[in-house]
Amino acid sequence: MKCNLRCKYCMPEGIDLVSMKELLTFEEITTVCKQAVSLGIKHIIITGGEPLVRRGLLSLIGMIKDIPGIETISMTTNGVLLESFLPELKRMD
């Protein structure tokens, strides 16, 4: 869980930061999404801390978007970084 605001909601006291080695790779996330589709899931939500701080997030969204059966991808965000990502996200729609 990574977040650029460190507010009490996302980062209460006692939360340890996870190293990048412990996070799922984009390929692993895509594999999970493919399995979810095989179980009938059609809508994916990118969440967890602040997704926009994850390097390469647009690549991940593209990888998920390319999975046959995915109808929508949405994301929870605090919006702080959204302005810089919005043009590319709109192009991906």
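Exposed here means over 50% relative accessible area, buried means under 20%, and partly exposed covers what lies in between. All views come from a predicted model.

**View A. The salt bridge between Glu71 and Lys42.** The closest N and O atoms of this pair sit 4.0 Å apart. Glu71 comes from the loop between α2 (57–65) and β2 (72–75), while Lys42 belongs to the loop between α1 (26–38) and β1 (43–46), so the bridge ties together distant parts of the chain, 29 residues apart. With a relative accessible area of 54%, Glu71 is exposed because that value is over 50%. Lys42, at 39%, counts as partly exposed.

**View B. The salt bridge between Glu88 and Arg91.** Here the closest N and O atoms are 2.9 Å apart. Both residues sit in helix α3 (residues 82–92), three residues apart, which means about one helical turn separates them. Glu88 is partly exposed at 31% relative accessibility, and Arg91 is exposed at 59%. The total count is two salt bridges.

**View C. The largest pocket.** Its volume is about 400 Å³. It has 18 lining residues, and Ile29, Ile46, Thr47, Gly48 and Arg54 are the closest to its centre. At least two lining residues come from each of α1, β1 and α2. By type, the lining splits into 13 nonpolar, two polar and three charged residues.

**View D. The second largest pocket.** This one has a volume of about 270 Å³. Glu71 from View A turns up again in the lining, alongside residues including Ile61, Lys65, Leu89 and Asp93. β2 gives the largest share, four residues, and the lining divides into six nonpolar, two polar and three charged.

Technical notes:
Residues are numbered from 1 along each chain as its sequence is written. This is a predicted model: local features need pLDDT of at least 70, side-chain atom pairs count only at pLDDT 80 or more; totals for chains, interfaces and linings use all residues. Side-chain values use heavy atoms; hydrogens and water are left out. A salt bridge is a side-chain nitrogen of Lys or Arg within 4 Å of a carboxyl oxygen of Asp or Glu. Buried means under 20% relative accessible area, exposed over 50%, partly exposed in between (1.4 Å probe, protein chains only). On a 1 Å grid over the protein atoms alone, a cavity is a set of points where a 1.4 Å probe fits but cannot get out, and a pocket is an open set with protein on both sides within 12 Å along at least five of seven lines; lining residues have an atom within 4 Å of a point. Grid points are joined across faces, edges and corners, and a volume is the space filled by probe spheres set on the points. Ala, Val, Leu, Ile, Met, Phe, Trp, Tyr, Cys and Pro count as nonpolar, Asp, Glu, Lys and Arg as charged, and the others, Gly among them, as polar.
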